[in-house]
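Try each task before reading its solution.

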Amino acid sequence: MGLWEEHIRKVVPYVPGEQPQGDRVIKLNTNENPYPPAPGVIKALREMNPELLRRYPDPSACQLKETLAGYCHLGTDNIFVGVGSDDVLGMAFLTFFNSGKPILFPDVTYSFYPVWADLFGIPYETVKVTGAFEILPEDYRRECGGIVFPNPNAPTGICLPLSQVEDIVRQNQDVVVIVDEAYIDFGGESARNLIHRYENLLVVQTFSKSRSMAGMRIGYAMGSRKLIKAMEDVKYSYNSYTMNYASIVLGAAAVRDDQYFKETVGKIIETRERAKGKFAGLGFSGTDSRTNFLFVSHERVPAAEIFRALRERQIYVRYFPVPRLDQYLRVTVGTDDEMEEMFGFLETYLDS
Ligand SMILES: *Cc1c(COP(=O)(O)O)cnc(C)c1O
């Protein structure tokens, strides 16, 4: 082994869900939106001037920030935008978790958190969720270097009421608390209105799920001016041009097409609620998900077997072969037709 190899940064990367190709695939494994982007986005895409690709984009992405600020009733200096919320969250870890004290996040949660912590050398401790996968605010009343959790949580889909989110923020005003709201539009109440009361609160959202734009990579954070300024300083110390021209223009168009957003989110919620009943009828139990996915376990058949059987049928769902989760499947809410096809298969499969 060459000496240079000893000095390579060794990291265990996050593993994203499979992206199988092909038209016949039913893809319910990465929580993408089954509906296309808003008509306003498609129109803006057609009208986009390719000539402008020659130039660097606006480093401050001000068109996108202003549109989001208007939509969220915030100032542009309360908003940070990035290349998907993964970029925003990574930047937030780098900016805020420097005390040397361990940060806290739930033991069952988004598996990217420990990866960023390891990459940036941030110590962390996980906090156990209950047997029913619930986050208890009182478990976060202890000295730490910061807190991060998704609300609703992934992959459980469970949503904390806003009062309990506020409780965690209020009890930890000496550190930054990051609330990752990737799924909040599917039925939860956002903590973004609390940023005026708590300077230490950062709320992160994404265009990938509720706005049908995972391929565009747009995420944003909302917080006090001080938090946002600190993140901007770190961003400009790393890469000034994170948001490309198309993301800025199409992202702003997506926010403006609010009617379509509300319609598609509404459809997904309806499909999800029907799916809860169907799963129950087939012998599955699960959490009361407030997201665009369901987290279910069958009373008799191991999750790994159902996962493989579905996969052979070109129906992709997510399976996590780790302790506590290995009896569960995470199934993204698709269109009604996609869900029908999956339930049709499961009925015959579980009968035999
Ligand atoms: C999907 C997801 C993200 C990241 O989404 P981006 O596509 O990077 O915006 C972040 N947190 C959670 C909990 C997610 O499920």
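Helices (H or I, at least four residues) and strands (E, at least two) are DSSP runs, numbered from the N terminus. The model is predicted, so local features need pLDDT of at least 70 and side-chain atom pairs count only at pLDDT 80 or more, while totals for chains, interfaces and linings use all residues. Residues are numbered from 1 along each chain as its sequence is written, and side-chain values use heavy atoms, with hydrogens and water left out.

**Exercise 1.** Find which helix gives the most to the shell around the ligand, then list polar contacts of the ligand (N or O pairs within 3.5 Å).

Step 1. Collect the residues with a heavy atom within 4 Å of the ligand: among them are Gly84, Ser85, Asp86, Leu89, Thr206 and Lys209.

Step 2. Helix α4, residues 84-96, is the top contributor to this shell, with four residues.

Step 3. Oxygen atoms of the ligand lie 2.6 Å from a polar backbone atom of Ser85, 2.5 Å from a polar side-chain atom of Thr206 and 3.0 Å from one of Lys209.

Step 4. On its own the ligand exposes 380 Å², and the protein buries 92% of that (Shrake-Rupley method, 1.4 Å probe).

**Exercise 2.** Is Thr332 buried or exposed, and which residues does Thr332 touch?

Step 1. Locate Thr332 in strand β13, residues 329-332.

Step 2. Thr332 has a relative accessible area of 1%, so Thr332 is buried (under 20%; exposed is over 50%, partly exposed in between; 1.4 Å probe, protein chains only).

Step 3. Leaving out residues up to four places away in sequence, the contacts of Thr332 include Leu28, Asn292, Phe293 and Met339 (heavy atoms within 4.5 Å).

How values were computed
Polar contact = N/O pair within 3.5 Å; in protein donor to acceptor, adjacent residues only side chain to side chain.
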